[in-house]
Amino acid sequence: MNCELLVPALFPARARLREAFDALRLPALELLFARGRHTGHEGMLVERWLLEHFGAPEAPLAAGVLTALADGATIDALSGTDDWSRADPVHLRVDRDRLTLVPGAAFDLSAEEAHALCETLNRHFAPEISFQAFHPKRWCARLGAVQGPDVEPTLEIAGEDMNTRLPAGDSAHRWHALLNEIQMVLHTAAVNEARERRGEPPVNSVWLWGSGALPSELRARWQSVSADDPVARGLAQLAGVAQRGLAADAEAWLAAAPEGGRHLIVLEQLREPYALGDAPGYAGQLQLLEARWFAPLLAALRRGRIGMVTLGVPDGAQACSVETIRGDLRRFWRRARALASYA
């Protein structure tokens with residue numbers, strides 16, 4: 001059995017996170033890197049990596065419709081010519097002459113608040129645009145015949161000036177106007193007034209990204225996909241691949257995994273602390289990944305339960321793939337060293 005791990009944000013480029021990263025020692029992960037065979041590649045968004053490996057490298061990054069599918073919408077309800085977009089709830093913080101985007105990962109938002117805010121938006125924008133809170137911090141918007149903007153995912157622009165990340169050209173004015181209208185509606189929402197009274201950041205905007213329709217003719221080399229990421233789960237569902245939420249740890253995953261085939265596990269726990277510049281949180285998540293995933297999978301490789309562990313890093317300072325089979329572990333002369341030395 002080949003267990004393929006996808007670990008975005010493993011090699012941080014930001015100096016503050018690099019200090020925490022450089023101080024860590026992760027024996028199991030270091031050994032997999034030392035004994036395995038390395039292939040470098042151009043860095044890309046994890047969503048783009050998933051599309052490429054599901055056989056649709058040129059398809060739009062349709063995160064909105066894939067999220068809706070993964071979170072319970074039916075294919076029949078999503079089929080057609082309408083574009084869907086992710087519409088992630090965010091807080092815009094005024095910093096002098098810029099609007100800094102604070103993603104939902106940085107604050108609490110209940111399901112009740114999310115549904116109420118979407119209802120407020122729908123009273124204003126429906127039927128042209130409709131918002132749905134499939135998850136409190138992961139909304140979708142049906143854009144109808146309107147083509148959505150081609151912009152980066154929310155976590156990729158955390159802490160950045162939102163206005164510098166909007167599309168340029170003829171469509172820019174339209175999206176600026178739409179976002180301004182959304183912000184005006186949210187400004188007077190009862191939920192936000194209550195949040196401000198409690199000293200919590202209001203949800204004063206959304207970030208629209210990942211628009212498009214359902215991709216077609218997908219294929220995959222995996223027999224199963226285990227992930228909490230909705231894009232991965234939506235692609236797996238469309239490709240006819242068994243998909244499930246991420247297990248608590250490798251031992252739980254191994255207990256339910258078949259004996260053969262190739263299987264993808266998406267470990268995205270580093271993305272949020274990376275986006276927020278949270279060095280202690282980033283280091284803590286890396287240590288949990290080591291204890292819960294890398295060390296148990298290395299042990300399973302040693303005893304022959306797994307035939308190969310493939311570790312993919314799609315983005316960051318060192319995009320690469322590392323394949324390690326059981327026999328590679330005997331290459332004792334390839335000594336483990338700190339991961340920072342690979343960056």
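1. The largest cavity holds about 40 Å³ of space. A cavity is a set of points on a 1 Å grid over the protein atoms alone where a 1.4 Å probe fits but cannot get out. Volume is the space filled by probe spheres set on the points, which are joined across faces, edges and corners. The search of the whole structure finds 1 cavity of 30 Å³ or more.

2. This is a predicted model: local features need pLDDT of at least 70, side-chain atom pairs count only at pLDDT 80 or more, and totals for chains, interfaces and linings use all residues. Residues are numbered from 1 along each chain as its sequence is written, and side-chain values use heavy atoms, without hydrogens and water.

3. Lining the largest cavity are Pro149, Val151, Leu166, Pro167, Trp175, Leu179, Trp207 and Leu208. Lining residues have an atom within 4 Å of a point. This lining has 8 nonpolar residues, no polar and no charged. Nonpolar covers Ala, Val, Leu, Ile, Met, Phe, Trp, Tyr, Cys and Pro; charged covers Asp, Glu, Lys and Arg; the others, Gly among them, are polar.

4. The largest pocket has a volume of about 680 Å³. A pocket is an open set with protein on both sides within 12 Å along at least five of seven lines. Its lining counts 26 residues; Arg86, Arg138, Leu155, Glu268 and Glu272 lie nearest the centre. The lining of the largest pocket splits into 10 nonpolar, 5 polar and 11 charged.

5. Pro27, Ala28, Leu29, Leu31 and Leu32 in α2 meet Glu290, Phe294, Ala295, Leu298, Leu301 and Arg302 in α12. Contact means heavy atoms within 4.5 Å. These contact residues comprise 9 nonpolar, no polar and 2 charged. Helices are DSSP runs (H or I, at least four residues), numbered from the N terminus.

How values were computed:
Helices (H or I, at least four residues) and strands (E, at least two) are DSSP runs, numbered from the N terminus.
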